[in-house]
Amino acid sequence: MPAYEHVFIARQDLTSQAVDELTETLKNVVSGNGGTVAAHEYWGLRNLTFKIKKNRKGHYVLMNLDAPPAAVAELERQQKINEDVVRFMTVRVEALSEGPSVMMRARERDRERGFDRDDRGYGGFDRDRGDRGDRGDRGDRGDRGDRGDRGDRGDREPRGDRGDA
């Protein structure tokens, strides 16, 4: 049977337990159609690059499938119907990879280095500033006004690269 890697993104407002239940339901769809799920990985709640169906985040799940094309087609059909699935993608591969995926290896590597992605904070407000300090050496900058104190710049020559000449 052909091998597939299947990733789906579930809605951000689902709990981890609900995502596990959804994954089990999808595993049953594959096994009911003559396929097997060799492995599955929960990658966690991650930011999306852009909004998808009004969601900014999503629960990512990878499933390694060893299934006939009909089982994959039924899996994708079920995910199109399910409102909890935001996106999915299935890729046929030559052979299923053994061990953790690239995403899980990166997370393990970061933890070994003492950098945990979950502790990162948002907007950089609580991150370590390193050598810069907290910029307390800038002093009081006072009211900077409307920045209208630059004086008259005079007439400018037209730029030649715009075709304005």
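## A buried histidine and the packing around it

His59 is buried, as its relative accessible area is 3%. Here, buried stands for under 20% relative accessible area, exposed for over 50%, and partly exposed for anything in between (1.4 Å probe, protein chains only). Before we go on, please note that this is a predicted model, in which local features need pLDDT of at least 70 and side-chain atom pairs count only at pLDDT 80 or more, while totals for chains, interfaces and linings use all residues. Residues are numbered from 1 along each chain as its sequence is written, and side-chain values use heavy atoms, with hydrogens and water left out.

His59 sits in strand β3. Helices (H or I, at least four residues) and strands (E, at least two) are DSSP runs, numbered from the N terminus. Beyond its neighbours within four places in sequence, His59 is in contact with residues including Phe8, Ile9, Leu14, Val19, Tyr42 and Leu45; contact means heavy atoms within 4.5 Å.

**The chain as a whole**

The protein chain contains three helices and four strands, and from the N terminus on these elements run β-α-β-β-α-β-α. Of its 165 residues, 26% are buried. Taking contacts between residues at least 6 apart in sequence, 73% join residues at least 24 apart. The chain has an accessible surface of about 12,400 Å², and 44% of that belongs to carbon and sulfur atoms. These areas come from the Shrake-Rupley method with a 1.4 Å probe, and for residues only the protein chains shown count as cover.

**Polar side chains**

His59 is one of the residues here with a polar contact between side chains. A polar contact is a pair of N or O atoms within 3.5 Å; within protein, one must be able to donate a hydrogen and the other to accept it, and residues adjacent in sequence count only if both atoms are side-chain atoms.

| Side-chain pair | Polar contact |
|---|---|
| His59 and Tyr42 | 2.6 Å |
| Gln78 and Glu74 | 2.8 Å |
| Glu41 and Trp43 | 3.0 Å |

Glu41 belongs to strand β2 (residues 36-52) and, at 14% relative accessibility, counts as buried. Gln78 is in helix α2 and counts as partly exposed, at 27% relative accessibility. Gln78 and Thr25 are 53 residues apart in sequence, yet 9.8 Å apart in space, C-alpha to C-alpha.

**Two helices, each with a buried face**

Helix α1 (residues 16-32) has 17 residues and reaches 24 Å from its first C-alpha to its last, close to the expected 24 Å. The expected span is 1.5 Å times one less than the number of residues. Buried in α1 are Val19, Leu22, Thr23, Leu26, Lys27, Val29 and Val30. Seen down the axis, they fall within an arc of 155 degrees, so they line one face of α1; the arc is that of the directions from the helix axis to the C-beta atoms. An α-helix has 3.6 residues a turn, so residues three or four places apart point the same way. On the other side of α1, Gln17, Asn28 and Gly32 are exposed. The cover over the buried residues of α1 includes β1 (3-11), β2, β3 (55-66), α2 (69-81) and β4 (85-93). After α1 comes Gly34, with a positive phi near 90 degrees.

Helix α2 has 13 residues, which should span 18 Å, and its end C-alpha atoms are 19 Å apart, which agrees. Ala71, Val72, Leu75 and Gln79 are its buried residues. They cover an arc of only 100 degrees around the axis, which puts them on the same side of α2. Pro69, Ala70, Lys80 and Ile81 are exposed on the other side of α2. The buried residues of α2 pack against β1, α1, β3 and β4.

**Nonpolar cores**

A nonpolar core is a set of buried Ala, Val, Leu, Ile, Met, Phe, Trp, Tyr and Cys residues joined through side-chain atoms within 4.5 Å. The largest one has 16 residues, of which Phe8, Ala10, Leu22, Leu26, Met63, Leu65 and Leu75 touch the most other members. The elements giving two or more residues to this core are β1, α1, β3 and α2, and the largest share, four residues, comes from α1. Apart from this core lies another, of eight residues, among them Ile9, Trp43, Ile52 and Leu62.
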